[in-house]
Amino acid sequence: MTPLRRHRALTRIWASDPGWKGWFTTVNHTDLGRMFMFTAMIFFVVGGILAMLIRAQLATPRSAFMGPEVYAQVFTMHGTIMMFLFAIPLIEGIAIYLLPKMLGARDLAFPRLTAFGYWCYVFGGSMLLFAMLTGLAPDSGWFLYPPLSSTLGSPGINSDFWLIGITFVEISAICAAVEITVTILRFRAPGMSLDKMPIFAWYMLVVALMILTGFPPLILGSVLLELERAFGWPFFQVAEGGDSLLWQHLFWLFGHPEVYIIFLPAAGIISTVLPVMARTTLMGYGWVVAAAVALGVLSFGIWVHHMFTTGIPHMALAFFSAASTLVAVPTAVQIFAWIGTIWKGKPQLKLPMLWILAFFATFVIGGLTGVMLAVVPFNWQAHDTHFVVAHLHYVLIGGFVFPVLAGLYYWLPHLTGRRRFFRLGEPAFWLVFVGFHVTFLAMHWVGLLGQRRRTFTYEHGQGWEAINLISSIGGFITAIGFALVLIDIAINALVTLRGRRNPWGAGTLEWAMPKPVPAYNFASLPPVRGREPLYDDPGLDLRIARGEGYLGDPGDGRRKTLVVDIASGRPEQVVVFPSNTALPIVMALVTGVAFLGVLIKAFWLVPLAVLGVAALAFRWVWSLGTRTDEGLLDAGHGLSLPLASASTRPPGWWGTAFLLVANATFFASLLFGYAFLWTVAPNWPPPAYLEPGLAGPALGLAGIVLAPLGLRLAERLLRAGHAMTPGLAIALTGAAATASAGVLAVLASADPQGHAYDAIVRVIAGYVLIHVVLAAAMSVYLAARRSAGFVSPDRYGEVRIVRLWTDYAAITALLGLAALHLPGALT
Amino acid sequence: MHPAGPAAEAIAALWWVMLVGSCVIFVLVMALLALALRRSNVEGRGDGSEGERVWLVGLGLVFPLLVLLALLAYGLVIGERLAPRDGPEVVTVRAEGRQWEWRFSYADAPGLVTEGVLHIPAGTPVDVEITTVDVIHSFWAPRLAGKLDAIPGHVNVLRIEAREPGEYAGVSAEYSGPGYLDHRFTVIAHDADGWAGFLRGAAP
C-alpha cells in the first residue's frame, strides 16, 4: 500500500462529517482542541474589553463613566471570564489538541466525552454572556462570598447565573481531566515508558489530577449555595447554624490549586519550547518532573493563605505561611532548570523565545511579591488592595499568558500548516511587554498607598491620580498589543504559504506528521526509544507514513489505536473508537435544560431533563463493545493483541476510576463541610439530632454488604458460563435496601430550612441515594447487555466497571449513613 | 505608608526589607539569565551533568530554602509581636460593621455607642473586637495596623495602637456591595485627659 492510498483510506475512516454538520458531530481531538482554543480566545477578547472598561473608569478620580452597580458586574465578570471561561478552557484545548500527537496516539481516550465537555463549556459560558448582555451578571466579586452573594446581599438572579453557569462549565473541566489522565497513562506510542514521556505530558498529568481533586470542593460549594438561594437551606447563614467561612474554605480549596492548574501547563509549554529554542535538551528532566509533582501537592496545603485576614488561629497561620513560602522552592528549581538549559544550549531569539524571556522577567517579580504576601503581617496590610491585584496579574499574565503565547507561536505552523510571513508579532510583543509592566508596576504602588480593589472610583487629592492614569494608559497599550497578536495569528493562519513539516527542528512526535494535520494523526504508530524520537531517528516521519509502525493497516474501517502498559509503554490492547455522532451535543443540551430549570426556578424541568440524560447515557454506553469474541488482532510487527473491550480493565474502567477520584473528593468535601460546621459554626448543636431507630441502619448495612457481594457472584457465574441473574438480583436487593435507608434518613430529618444540620443531613442522604440508584441502574444495564450478547464469559470488563461503581457507592453509603446516625446514637 | 503605631511600623519595616531583598534576587536571576544567553552564544554546547548540580541543587534548592527560612522567621517574630497579648492596660472596644457604617462600643463605658468614629487612648494597646450584623466586612486603619475581617457570627480581635493623639482614617476592606466605596470610619486617639473625658460622656 502506498503512503497516499493509506492516507486516503485512513482519512475515510477518521474524517469528520463534511460541511457545517461536522462542527456538531465531530469527536476528533484535533477539531475539538481547535474549537476549545478558538472559543477561549473569544472569551479572552470579552474579558479584555471588560478590563479596558475598568481601566477607563479608574483613569480619573470621581469618573462618571460607571456607577457602583455596573462596576460590580464588570469586575466580577472580568475575573470570572478570565479564570473559568478563558484560562482553564484554553489549557484544555491545548492539551486536547496536542497530547495524542505528542504521545503517539490517534485520539484521546474518550472522544465523545471530549465533545460533550466542549458543548457543556459553550452552553455554560453562553449563560454567563447572556446574563452580562441583559445586565443581570453576577456582581459580588469573582469569589462570590456569602452572605453578600446569597439571598441577603443579592436577591436577584445574578448570583444564580454564576453558580449554575460555572458549575456547568466545570463539568467540562472534569470530563477533560478524566480523559487527559487516562490518555497519558494508557494511550501512548509503543515503547514510550513513563520516563520517556514528553515533559508536557508529565505536567498535564499533574494538572489533570489536580483538576480532579481541586474542582469538586467548588462544585460542592456551588451546589450548597444554590440550595440555600433556591430553597432556603441555611448552609452559610449563621443564625440557622451555617457559617459563611465554610464557603471561603471550599472556594479556596479549589481556588489555590486553580492557580497552579493554570501555571503548570504554561510551565510545561516552557519546558517543551525552551530546549528547542536553545537547540538542546531540557536540563534535569527528573528534577523538573519532581518539581511539578511537588507544586501540585503543595498547592493543596496553602488555600488558607487567601484567608489570613479572617481570624485564623495563630498556629495555623504559621503553618500555612510556611507552606505558602515553601512553594517557591519547586518553582525555583524549574526556573533554574530553564536558565541552565539556556546556559548549556545555543539559544536563538525567535518570537517564542522572546515571550519566554518576557515570562522570566514578569513571573519572577510576581513570585517575589507572592512570597511577600505569604508573610502574614504584610498580608494583613496589603490584602484586598491593588497590590494584590497587581501581584495576581504578574503571576497569571506573566506565568500563564506569556508562556501560552510562546507556545501559540511555536505550534502555529503545526496548527495552520503555514509559515509565519507577516511580522506583526514582534511589535505586538513589545507593546504587550512594555504596556503590561507600566500598568501593573504602577498598580503595586497605588495598592501600597492604600487604594482598595473593587472600589469603583476614588477622590481627588489622595495622590493616586497620576499613578492610576499611567496604569490606565499602560493598560490600553497592552490591549492594543494583544489585539495585534490576534490579528497577526489570524492573517498568518489564513493567507500565508505552506510551511515545512518540522520548522523548529524539534524532537517530539507531534512534528512527525504531515501538515495540515490528518484526522488520524499517524498513518502508523511509531515505536519509541527515547524522549525525543525525532532526534533518535530523523527519518521517523517518513517511516510512519510508509506504514512501518504499528496498526498501519486501515483494515476493517474501524478507528483503532493502541493501549499500553502504564509504566513500560508495552502495547497491550487495541482500542476501537466510536465515530462521528451528535450524541454529545444533544446530551449537553439536555444537561443544560436541567441547569436552566434550576436557574429560572422551573424545577419541574429538572427531573425530565435528568431522565433525558439517563436515556442518552444508556444509548452512549450501549454502542460500545462487540457481540462476538474477536480473539487476537494483528497490530503489525508480528504483534497480536486483544480488543480493549475484551480486557478485564477496559479504558472505561480507568475512566470510571478517575471520575470516582473526583467524586470521592466531592464527598470528602461534603464530610469536611459537615465537620467544619459542627466545630466552627456558632449556633451548634442543632435543636435535635437524627434519631437512628433500628430499621434504617440495619437496612443500610445489609445493602452495603449485599450489593458488592452480588456483583462478585454475578461475575463468577458469568465466567463459569451461567446466567448472571442470581448475582444481579442480590446486587439489586442490596441497592434497594441501602436506598430505603437513605429515604428513611430524609423522612426522619427535621425541616431543612430550620437548621444547617438538617439541610446537610439531606444532602448527605441525597448523595447516598443517587449513588445507589445509579448502581442499581447499572446492574439492570448489565443484565440487558448480557442478553444482547455484549457481555460474555470472555468479555466481562463491563461487569468490572459496574463492580467498581457499586463498591464506591457501598463505601460512601457506609460513611454517609454513619455520619448521619452516629451523633443521634451517641447522645 | 506613614505608620503611626507599633504594628504598622513593624509591617512597614518588614516591607522595606522584603522590597530590597526582592530587588536583589530579581537582579540576580536576570543577571544569570543574561549570562546564560551570552555564554552560550560564545561557547556553544556545555556539559549538562556538572551544570545540574550548580543550577538545580545550588540555585534551585539551597538558595530559596535559605532565603525563605530567614524571611519566615522574621515574619513569625513580627506576627508574634503583633498578636493580642493580655496586659494590665489593654483597652477593649467593639467594632460592629453593617452595610454601610461602623458602630463602636466601649468596654470601659457600657452603653456608649459611636457611629463612624472610633475613640481610643493614644499610647495604649487597644483590642478591637470585630464583628458584623450582615455581610462580611473588614476593619482596616492602615496607619495603625493591618486589617482583620468582620465575619457574621464570629468575633475577631485586632490589636491596634496609636503612638500620638490625632485622627486616623479607616476603611472597610472587603467588598460589600454598592456602598463599599464610602464604607469608612475615623479613629480618634486621645491623650489621657481627652480619653477620660470621652468615657465620662463629655464631647470629644
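In the predicted model, 78 residues of chain A are in contact with 74 residues of chain B. The area buried between the two chains amounts to about 6,400 Å², and carbon and sulfur atoms contribute 73% of this area. On the side of chain B, the residues that lose the most area to chain A are B:W55, B:Y175 and B:L181; together they account for 11% of what that side buries.

By residue class, the side of chain B that touches chain A divides into 43 nonpolar, 19 polar and 12 charged residues.

Side chains of opposite charge can pair when their charged atoms come close. Within chain B, B:R94 and B:E129 form a salt bridge in which the closest N and O atoms are 3.1 Å apart. This pair links distant parts of the chain, with B:R94 in strand β1 (residues 91–98) and B:E129 in strand β5 (residues 126–132) of chain B, 35 residues apart. Both partners fall in the partly exposed class: B:R94 has a relative accessible area of 30%, and B:E129 has one of 25%.

A second salt bridge in chain B joins B:R103 to B:E115, with 3.7 Å between the closest N and O atoms. Here B:R103 belongs to strand β2 (residues 101–106) and B:E115 to strand β3 (residues 109–115) of chain B, the two being 12 residues apart. B:R103 is partly exposed, at a relative accessible area of 30%, whereas B:E115, at 52%, is exposed. In chain A, salt bridges that share partners connect A:D160, A:E226, A:R229 and A:K601 into one network. Chain A also holds a salt bridge between the side chains of A:K21 and A:D17, at an N to O distance of 3.9 Å. A:K21 is partly exposed, with 45% relative accessibility, and A:D17 is likewise partly exposed, with a relative accessible area of 22%.

Two helices of chain A were characterised by span and burial. Helix α6 (residues 158–186) of chain A comprises 29 residues. From its first C-alpha to its last, α6(A) reaches 43 Å, close to the 42 Å expected at 1.5 Å a residue. Because 28 of its 29 residues are buried, α6(A) is largely enclosed by the rest of the structure. Helix α11 (residues 328–344) of chain A, with 17 residues, reaches 24 Å between its first and last C-alpha atoms, close to the expected 24 Å. Burial applies to 16 of the 17 residues of α11(A), so this helix is also largely enclosed by the rest of the structure.

A:Q573 is located in strand β2 (residues 571–577) of chain A. With a relative accessibility of 7%, A:Q573 counts as buried, because that class covers values under 20%. Its side chain is joined to the side chain of A:S647 by a polar contact of 3.4 Å. Apart from neighbours within four places in sequence, A:Q573 is in contact with several residues, including A:R186, A:T561, A:L562, A:V563, A:L641, A:S647 and A:P651.

A:G463 occupies the loop between α15 (425–448) and α16 (465–495) of chain A. This glycine is partly exposed, with a relative accessible area of 46%. The C-alpha atom of A:G463 is separated by 8.8 Å from that of A:V446, a residue 17 positions away along the chain.

How values were computed. Residues are numbered from 1 along each chain as its sequence is written. Chains are lettered from A and ligands numbered from 1 in the order in which they are written. This is a predicted model: local features need pLDDT of at least 70, side-chain atom pairs count only at pLDDT 80 or more; totals for chains, interfaces and linings use all residues. Side-chain values use heavy atoms; hydrogens and water are left out. Helices (H or I, at least four residues) and strands (E, at least two) are DSSP runs, numbered from the N terminus. The expected span of a helix is 1.5 Å times one less than its number of residues. Buried means under 20% relative accessible area, exposed over 50%, partly exposed in between (1.4 Å probe, protein chains only). Contact means heavy atoms within 4.5 Å. Buried area is the accessible area (1.4 Å probe) that two parts lose on being put together, summed over both. Ala, Val, Leu, Ile, Met, Phe, Trp, Tyr, Cys and Pro count as nonpolar, Asp, Glu, Lys and Arg as charged, and the others, Gly among them, as polar. A salt bridge is a side-chain nitrogen of Lys or Arg within 4 Å of a carboxyl oxygen of Asp or Glu. A polar contact is a pair of N or O atoms within 3.5 Å; within protein, one must be able to donate a hydrogen and the other to accept it, and residues adjacent in sequence count only if both atoms are side-chain atoms.
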